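Morning, everyone. Let me put the structure up.

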Amino acid sequence: MQRHRLNKSNKQRSATLVVIALIAICLILAVRPVVHGRTPALLRPAKQKAKLLARPDDSQLARERAMQLGLVPTGKYPITKYDLVSAMPSDQTHLPVVKGSRSWRKGIRTVIATNSQPTAAIQAEAAQNNETWVYYPDDVPARSFYKGDSRAALAPFLAHKELGDTYKWMLYGDDDTQFFLDGALRLAKDFDPDLPWFITDNVWWSTGEHTPHSWRHHPHPDAPRCIPCHYDDSAFVASAKATIPSYKAIKGCPCTPELLCAHNNHSLHMSEDWFNKYCDMPRLPHHMYSMHGGAGALMSIGLMRKVGWDVAEPCVLKTFSTGGDTFLQICLWEAGHAITSPGAGFYDWQMRSFDAGSEDRMGLVDFVMRAIEGTCHDRGLCNVKLQHLVTIHVRSSAFGSKSDAGMFMKALAVQYDVWAENFYQRMISEYERQQEDAALTDEERQARQQKADDDQAAMWESIGSCYGHAEEQVVSMELDRREKEALEAEARLQSIGAIRAMKGHT
């Protein structure tokens with residue numbers, strides 16, 4: 001009975017999430033203006049849909065325009081979405097989630113590792129969405145909590161086998177990891193893709209000591225990791241010491257196990273060092289250390305060149321641990337590669353990039369909507385946080401069905417794209433206004449300001465007139481109500497008098 005109630009509760013919660021997501025799509029598409037004179041995507045003829053993947057969306061066009069105007073820095077290593085690829089593990093039961101992820105992938109090349117040979121129908125559909133499906137079997141027997149964990153760990157290496165040296169960055173995560181391409185591009189532009197980078201700021205960690213600071217969870221502020229050499233943290237070190245985690249920042253170009261072990265600076269909350277004298281990766285039962293697969297990571301082409309399939313597969317298949325993300329972390333550590341945090345989130349917990357809300361799906365929906373509406377407590381902070389955002393873990397298991405999870409991913413992708421387009425369009429509009437101002441004479445500026453003042457005065461007069469008219473209507477309605485009540489009371493009294501008169505007559 002209790003299980004029945006829990007299933008019912010999960011289904012109700014899932015239905016609520018999907019309804020809210022669909023409402024969000026409808027509201028956004030209803031209020032969104034037609035940009036560049038193009039028909040909204042939902043109204044385009046069906047025969048044009050196959051071409052949409054090859055065309056940039058409106059948010060990408062706005063971003064590129066802002067970059068052309070010099071409003072958005074291109075970074076030391078310029079990058080476009082066509083330099084990105086995606087790799088994810090899945091299985092046949094998660095097909096609706098994979099389909100939902102197409103909304104954020106926007107046609108970037110993707111390799112999906114699954115536990116069954118793809119059918120002809122799946123291959124045909126995959127070709128239309130720039131996907132390659134590859135087979136890798138489940139673990140028999142399992143060497144972790146889930147039988148698909150070896151496939152999860154090997155997904156990026158399977159993808160590299162298929163794609164070769166044809167990209168700069170690989171977006172790696174679970175099939176219910178939702179990436180935001182604008183944030184990924186913003187992050188990657190300052191990293192040399194030819195160096196072996198493994199980038200995330202959502203890390204499992206525990207020390208084996210039973211204290212609130214050491215108990216296993218993610219993201220953990222004390223998890224060992226580097227920050228990139230190009231990240232300037234002088235302002236944080238000088239003025240925000242209270243926010244600095246007890247684990248001291250180590251700059252790596254890129255990060256290596258030897259670099260972390262050489263520092264070995266244990267937390268204020270620990271009584272032991274991070275690493276043993278052999279520089280082994282911290283592992284259960286005394287430690288928990290790994291990237292979080294649901295939060296995802298960025299893997300550079302330089303890393304994939306260093307760690308080939310011939311290295312990765314034997315390492316994964318000999319490993320016993322908690323999951324695919326830990327399998328991957330162990331094998332990268334053995335190959336000489338450690339985790340790099342983007343930088344900002346190391347000092348300011350609000351600026352985390354990978355699953356920043358820690359699976360807070362509806363919190364992110366609300367946050368993005370308030371950023372679009374301009375109703376954030378601090379609009380500037382809202383936009384900065386969203387610029388840093390790279391992923392969220394949708395966590396499909398929290399939904400009543402995988403189809404519900406896929407629908408939610410579609411809704412969130414639309415909502416984020418509206419925010420990104422709006423953000424860049426505002427930037428461009430402000431730039432164009434400044435350019436127009438610079439070309440005006442003093443008299444023209446005065447005339448324009450006077451017109452703006454007159455328009456504002458007229459607006460307030462119209463609002464006042466509207467309120468006045470509304471007030472008159474309210475007063476009139478109240479008088480009519482009172483008059484009606486008086487007539488009804490008089491009618492009741494007359495009725496009562498008539499009844500009494502009849503009783504007296506009889």
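Glu125 is partly exposed, with a relative accessible area of 26%. Keep in mind that this is a predicted model. Glu125 makes a salt bridge to Arg102, with the closest N and O atoms 2.7 Å apart. Glu125 sits in helix α4 and Arg102 in helix α3, so this pair ties together parts that are 23 residues apart in sequence.

Glu125 also meets Lys99 through their side chains, in a salt bridge of 3.7 Å, N to O. The cut-off for a salt bridge is 4 Å, so a 3.7 Å pair counts. Lys99 is partly exposed, at a relative accessible area of 33%.

Now back to the arginine. Is Arg102 buried or exposed? Arg102 has a relative accessible area of 15%, and buried means under 20%, so Arg102 is buried.

Arg102 has another partner, Glu131, and their side chains meet in a salt bridge at 2.7 Å, N to O. That pair is again a link between distant parts: Glu131 is in strand β3, residues 131-135, and Arg102 is in helix α3, 29 residues apart. Glu131 and Arg102 are both buried. As background, side chains of opposite charge can pair when their charged atoms come close. For the whole structure, the count of salt bridges is 24.

Second topic, helix α5. This helix runs over residues 149-163, which is 15 residues. At 1.5 Å a residue it should span 21 Å, and its end C-alpha atoms are 22 Å apart, so the two values agree. Where in α5 is the kink? It lies at Ala155, shortly before the proline Pro156, and amounts to about 50°.

After α5 comes Gly164, with a positive phi near 70°.

Definitions and conventions
Residues numbered from 1 in each chain as written. Predicted model: local features only at pLDDT ≥ 70, side-chain atom pairs only at ≥ 80, totals over all residues. Heavy atoms only, no water. Buried < 20%, exposed > 50% of the residue type's maximum accessible area, 1.4 Å probe, protein only. Helix = DSSP H or I, 4+ residues; strand = E, 2+ residues; numbered from the N terminus. Expected span 1.5 Å × (residues − 1). Bend = angle between axes of the 7 residues up to and from the residue.
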